[in-house]
Every structure is written in C-alpha cells, then in structure tokens.
Amino acid sequence: MNFDANYLAVVFNSTIRMTTPILYVALGSALCNRVFIFNIGLEGMMLVGGFAAIVANFYTGSLVLSVFFAMVASMFVAWVAGVFMVKFKGAMLVVGVSINVLISGATTFLMQIIFGSKGAFVSTKLVSLPKIDVSFMRAVPIMQTMFGSLTYLDLFALVLAIILHIFLFKTVAGFRMRSVGINKPAAESLGIHADRIQILTVVFSGLVSGLGGVLLTMGGVTMFAQNITAGRGFIAMAAGTLGGAHPLGVIASSAFFGFAQSMANMLQNTSVSSQLTMALPYASTVLALALYNYVQNRRILRSATK
Amino acid sequence: MADRRIRRLLAPLAQPALAIAFALAVGAMAILVTGENPLTVYAAMLKGAFGNKYYLLTTLTRATPIIICGLGAAIAWSSNYMGIGGEGQMIVGGFTTAVVALYAPGPLWFRLVLSIVMALLAGGLLSLLSAWLLDKFKMSLAISTLMFNYTAQYVTMHFVANVFQDTTGDAKLTQTLRIEEGLQFPRLFDGYSLHLGFLIAVGLVVATWFLLNRTTFGYESRMSGFNINFCDYGGISSRKVMYGMLLLSGAISALAGTSEVLGVQYRYVHNNYVSASYAWVGLNAALISGYNPIGVFLTSIILAGIQTGGAAIARSTTVPLEISSIIQGCITLFISARIVLGSRRRSSVAVKGPLSTAAPVVDSADEKGRPR
C-alpha cells in the first residue's frame, strides 16, 4: 500500500459510493426521529426497494420504471409499517422487527419464484444506472478518479439533504412536522393532524430508503443478493441519530460510516485480517455514538452549571 | 362462574389466534403465487413438523435454541429494556464454549463446566457492555445491541478462520475442530437428534417463570417495565434492575449457543446461527407470547414447527423455505397491535383490581384506536 494522491482519490471515490445509500436511509431515519418514530424497519424498506428495482429492471429494461417501481414498493411497505405504528399503536420496535423478518423472507421467496435462483441473481439483461460523465475534468486526472463512476442518484442524495434541511427549518410545514416530535398532544391541540404527519413521514422515509436500495442493487454492481443490505439500514439509523436528526449533520455522519465501509473494502487486499475490517463499520458506529453522546451530555451539563 | 374462568383463560389467546389466522392467510396467498394448493401445502407442513416421532423430535431440537433465546429476550423486554442483541450473545456463547471445550486443560468434567461458565460470562458481558453504554452515554439499546451482533459475528469469524480453523477435513466451512465425545450432550432418544439441551431449556422456562413471578427481583423488574419513574420513586433502583436483567438476558442467550455447540454441531460453525436466525425467531416468540415464559416455550415450538415444516415442503414442492419467515413476520406484525391492547387492559386493571383481566379483548372504548 502506498499512500500517494491517487490512492487517496480512490478512497475518496469509494467513500462517496459507500456513503450515498446510507445517506438516503439516514435522511429517512432523521425525519422519523423528528416526529418521534423509531423506525427500525428501514432495513427492510431498503431491501424491498432494491429488490423491486431489479424485478422491474429485468422485465422492462427501463431505468425510470425500475426506480419508480422501487419507490412504490418501499412506500407501500412503509405505509403498512406506519399504519401499524401510528394507527394501531403497535410498539415501534416490534413493527420494525416484523417488517424486517417479513421483507427478508418475502424477497428471498420471490427471488426463487421469479428468477429461480437462491443466493444471488445477476443477468446480462439488467441495465445499471448511467454514470455521470466526468470527461470535462480530463485536464485534472485525479479529479476524474475522485468523481468518476458516480450516478445521478448519488448526486441527488446530497441535493435531497439540502432540500430537506430547507423544508424542515425554513417552511411552515417543516415547523409543524417538528412540533409533532417535540410534543404531540400540544401539536394536536393546535389542530395539527399529528397521526397523519407521522404516517406520511414513515412513508417518505420508506421512499428514500427505497432509493438507497436502488443504489445498492443498480449502482456500482447490478445484482440482487439475499439480504444484500447487510445491516446498512441499521447503520443508517445510527447515522441519523449521530447527525443529530439534522439533514446536513446526517451528511457528515453518513460519510463517516461510508468511510469506515470503504476502508473495510480497501483493507481486504492487505495483510490486515479481512474479517476484522468487516467488523469496523459496526464497531466504529458504537464508538462514534458513545463519543457523540458524551460530548452532548457534557455540553448540557456545562450550560446547566452556567 | 365457570364460564368466566374459561373466558379468562382463553382471552389472552384470542388475539394471537387471530394473528396466526391472518398470517396463514397471507402465507396462503404467497403459496398461491407459486401455483401450489395452500391447503395441501399447509397439511404437508403440519405433517413435516409434528407428523411422526422423527419430525416431532427434529422440531423440538430446532426449538431448543429458540426457546432459550426467547427467554433471554423475554427477561430483558419484560423489564422494558428492548435489546435485540440475542444473536451476538448467542454467537459469543457458542464460540466461547467451543474454544474452551477444545483447548482448556484439566479433566473432562472441569472442561465441560468451564466451557459453559465462560460462555455465560461472555454473553453476559457483551450484554452488560450495552447496558453500560445505555447507562453512561444514553445510547439506544437497540442500536448498540444491533451493532454488537455484527461485530461479534465478524470478530469470532476472524478468530475461527485465522486461529482455530479446522484444517483436518476438506470442508470449506469456517469452523473449529470437533469436540470430543465425552464433552458432548447426550441424546435423549437413541437415533434421534433431541439432546440434553432441550431439558436445560425446559428447566430454564421453569426458572425464568419463578424468577419473574415469585422473587423480589422479578417484581422489581416488572415494576420497572410498567413505569420506570414510579419504580425509582418507590425505592427500587431501576439501574440495578437494568444491569441485572441485561446480564441475565445475555447469559441466557449465550447458553443457546452453548446448547447448539455441545448438542448439535459439536463445533462452532461460522454463520450457522445467523442463517438459521434462532435469536430473531426467539425474540418473535417472546413478543408473540407477551414475555410469558411458558408462552415462550409453546410459541417457540410452533415457530420451530413452521420452520421444519417449511423445510419439509421446500424439499417436496416448489414452495421456497422462506414461507416460514413470511408467516412469522406477519404473526408478529399482526400481534404488535395486541401488545398495546394488552397494556391498555393492564392500565384498567390498576383501577378495577386484578380480576378484571377477564375483560373482553376488544374494549368498546378502544375500538377507534385513539389514545385515551
């Protein structure tokens, strides 16, 4: 391993590609946090989005339809979860765990029925998301490495974070939404339909998780594998919390996890044990959250003693 | 009077039964997609799960780790500490048992006892770590336990692959050496897979029931489960309850791994517990039964039956094995609504007195699903 500029550019590029799927789901999780919903089912919603995209991709060969179908499927699953959490007052953790078990089973089940394959499905018929053309950067090859082989969906993740930031903090609708999370009965007493806002937020979190799933199955590689999300939805929940449920903060926290994952991949070709590097993103999540909460608590303590 | 008593006994069963019926309906739709007849498939599943002595004992063998993990989850969740770390705890338990049993010095009985004690410690400590993070850093128990599941899986994989790997056979699996016969759990019936671990699970069911219902500690933990502020106000340290219950829950889940290593595989095999998702099924059993140890026991056997039955039909029909996950996920999803009904009923109990648990399942006041 030599740490030249080119190597760093490769790390940078792979960090972006690892970050954006997490970022989508983390944005969904952050919004759920804002309306007091602990949505552990995001993992399943991400999985169903990725799966639906591959199914539509295989049968239609159309990118637009694949993305659309993924959004519809993950929104439907999220709607079911939202109704059970909010309308039927199901314990959020229980609903989320059920959704994850159900989707993990259903996608594997359908993969066998539709494609007749058990572990993974690849086909030459599948089209992948088009890459952003970076040839205008050819004067600076290192920039090409840094921003090469990214899709528009990667780019949109950042745009979405900014849009959500503006929505949450600069619009009346965003203010209403946050009020539900701060004090639901008080918000209801002012005539805000808190239940409806909560369900809509879960549905929206499902939609963006579905986009994250699309990036997993149609971004870098174009395939579906059993439980391809591999806990990314859970990591994204941690990223949502770590980012302070703040869209711009979530970009930073997702980038941290993206970096941990890309390091895990990069270190696989070295003498470092590949199994240990695979544990890296998960262990660093715990460390980062502990550090974040420690700093937060101290800040609260200090402002209290002043 | 007798009628009331029957209703009181059956009332808690009404909604799980309804949830199972709904879930079977969803499963039937999935089976229709495959082009098979749901009724014949379900009949074949039932036969494959409980049809004869062999199938029944296979189901009970599969139920053993599910029961143990379910008890571990029930203990933590009933005191309102909703950890989902059963999988990681089971992994470190199984791994520790295998390594200690293989490499510890001393006589056989000593190695056996040591391997079990060390596994309990390992699982308990992993769970304590999450408890400590919650206590000191207010870190969500759900997130920390989830992350530890993956961390445990890969760290143990590292040690198995690079230190303890079985190089004698030509197997490509990441696994340890086989544990010698003197350390293996005896089988309960000759020629059938059911082993001593099942009896341990039954013993644990009784012990957990006793702990939760007949001891001060169990009372305190239930208090903490009802209302944590009230519990502290009443002079019960909710911190003590948290550490105690999570330690116990982790140790019990680790025992599930021990039972698999000493009773079934006779070695630690990487990814075995994850792919069978014993811990998640155990958690589902705890959720379905409302954290009642005897309920966990029965539900685990039913869920294990769905799995062995599902495996049986996957061999003989075109219906994939995952039909069992679909049915199971639907059961817990439909039952999640009941958990709230249950707690609402409980809050009315406080006013009317304990006998009013016989109240009908659906309160007319609750029909609109509005918060009170």
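**Ground rules.** I am reading a predicted model, where local features need pLDDT of at least 70, side-chain atom pairs count only at pLDDT 80 or more, and totals for chains, interfaces and linings use all residues. Residues are numbered from 1 along each chain as its sequence is written, chains are lettered from A and ligands numbered from 1 in the order written.

**Scores.** I noted ipTM 0.86 and pTM 0.85 for the model.

**Contact.** I looked up which residues touch, meaning C-beta atoms, placed from the backbone, within 7 Å. Chain A gives 40 residues and chain B gives 41. On the chain A side, H3 (63-87), H4 (92-115), H10 (232-242) and H12 (274-305) each supply at least two residues. Helices here are DSSP runs of H or I, at least four residues, numbered from the N terminus. H4(A) brings the largest share, 15 residues. I sorted the chain A side into 26 nonpolar, twelve polar and two charged residues. Asp, Glu, Lys and Arg count as charged; Ala, Val, Leu, Ile, Met, Phe, Trp, Tyr, Cys and Pro as nonpolar; the others, Gly among them, as polar.

**Confidence in chain B.** I checked pLDDT, the predictor's confidence in each residue from 0 to 100. Chain B averages 85, and 88% of its residues score at least 70. Residues 343-372 of chain B fall below 50.

**H4(B).** I found that 16 of the 18 residues of H4(B) are buried, with 20 or more other C-beta atoms, placed from the backbone, within 10 Å of their own.

Methods. Contact = placed C-beta atoms within 7 Å. Buried ≥ 20, exposed ≤ 12 C-beta atoms within 10 Å, placed from the backbone.
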